[in-house]
Amino acid sequence: MEGFEVLVLWAVVYCVSVSSVPLNEYKTESQLKHVNITIDTKYSSYITLSDVTADELGQYEGGDMIGHIPEMHNGLVDEKFRWQDGVVPYKIVGNFSLEQLTKIQQAFHTYHNVTDGCIRFVGRTDQHDYIQVKSNPSGCGSNVGRQGGIQVVNLQPPGCLYTPGTIQHEFLHALGFHHEQTRWDRDEYVTISWDYMKHGSEGNFAIHEEDKATGFGFPYDYQSVMHYGSNAFSVNHTADTITPVDPNAKIGQRKGLSDIDIAKLKKMYKCDTK
Ligand SMILES: [Zn+2]
């Protein structure tokens with residue numbers, strides 16, 4: 001993807017996510033900065049709301065997913081979205097502290113370790129397809145799966161770098177996974193409370209058919225790092241929008257990849273046949 005197209009994509013994402021102002025009204029840098037300020041204000045509320053995960057703040061289409069979302073949930077079926085041989089070239093271009101850079105590197109190592117080297121994030125040399133890890137514009141966001149050319153994983157400090165799971169969550173989008181609660185069978189496992197949802201955020205709770213997506217044979221996973229928390233997109237952050245059918249289930253953890261997250265990732269990339 002050429003640089004210009006990337007810019008256009010970002011502009012589209014901003015428009016969809018933070019304002020009802022038509023896209024063509026965001027033409028100038030100053031206007032884009034205004035949008036950033038809007039989101040930053042939202043962020044400051046996140047810092048005091050420990051039960052809200054940064055990737056659910058909704059500044060991107062699909063919460064934190066950048067660009068057009070293929071109708072495939074949870075793991076993309078179409079192999080064109082996968083990274084060849086499980087190798088994800090990256091280039092860190094954001095303004096991160098040493099501590100934050102270490103956390104990003106730890107996320108890469110986690111993927112390497114849990115897949116026994118099947119998934120590898122490598123510094124980009126001359127690869128055509130790669131991810132840029134950026135610190136701006138605002139929010140946490142990623143495309144879902146390999147797009148071809150440059151694609152962005154945005155990790156705005158500090159909110160997107162507090163917990164390992166938030167960083168891993170964004171990279172799992174880039175590897176090809178959507179949110180867990182978009183699975184075709186989610187209504188058997190969670191109850192969605194549409195009445196408590198912020199107006200306009202309903203699209204984040206869409207479900208899609210199994211033939212467009214796959215759980216790779218694994219059951220619905222309350223523990224997935226890709227599962228929203230119970231008050232995602234809630235009107236007031238206290239009324240639950242997602243209630244597990246299992247009263248003992250906890251959702252929205254961002255400690256790190258669950259066992260099933262890892263198993264599905266290994267299935268997607270055929271790690272056990274390499
Ligand atoms: Zn997400």
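Leaving aside its neighbours within four places in sequence, which residues is Ile-167 in contact with? The points below start from the whole protein and come back to this residue.

1. **Basis.** This is a predicted model; local features need pLDDT of at least 70, side-chain atom pairs count only at pLDDT 80 or more, and totals for chains, interfaces and linings use all residues. Residues are numbered from 1 along each chain as its sequence is written.

2. **Overall make-up.** The protein has 5 helices and 9 strands. These are DSSP runs numbered from the N terminus: helices are H or I with at least four residues, strands E with at least two. From the N terminus on, the order is α-α-β-β-α-β-β-β-β-α-β-β-β-α. Of the 274 residues, 41% are buried (20 or more other C-beta atoms within 10 Å of the residue's own, with C-beta atoms placed from the backbone).

3. Five strands form an open sheet in the order 3-2-4-6-5, with mixed pairing. Strands pair if DSSP finds at least two bridges between them. Strand 3 (120-123) and strand 5 (140-142) are at the edges; each has a single partner strand, so one side of each lacks a neighbour in the sheet. On average, neighbouring strands are turned by 30° against each other, direction ignored. Strand 4 and strand 6 pair in the parallel sense over 5 bridges. Gln-132 stands opposite Val-152 in strand 6.

4. **The largest nonpolar core.** Such a core is a set of buried Ala, Val, Leu, Ile, Met, Phe, Trp, Tyr and Cys residues joined through C-beta atoms within 7 Å. The largest has 31 residues; Ile-131, Val-153, Leu-155, Ile-167, Phe-171 and Leu-175 touch the most other members. Helix 3 (98-114), strand 4 (130-134), strand 6 (150-155), helix 4 and helix 5 (259-268) each supply at least two residues of this core. Helix 4 gives the largest share, 5 residues.

5. **Ile-167.** Back to the opening question. Neighbours within four places in sequence aside, Ile-167 is in contact with Lys-103, Ile-104, Ala-107, Leu-155, Cys-160 and Leu-161. Contact means C-beta atoms, placed from the backbone, within 7 Å.

6. An unreviewed UniProt entry places the feature "active site" at Glu-170. UniProt positions use the numbering here, feature names are shortened, and annotations may be inferred rather than shown by experiment. Glu-170 is in helix 4 (residues 164-175). Glu-170 counts as buried because it has 27 C-beta neighbours inside 10 Å. Leaving aside neighbours within four places in sequence, its contacts are Asp-55, Asp-64, Cys-140, Ser-142, Val-153 and Leu-155.

Key: Buried ≥ 20, exposed ≤ 12 C-beta atoms within 10 Å, placed from the backbone. Contact = placed C-beta atoms within 7 Å. Axes fitted to C-alpha atoms, helices over the stretch in contact; angles between N-to-C directions.
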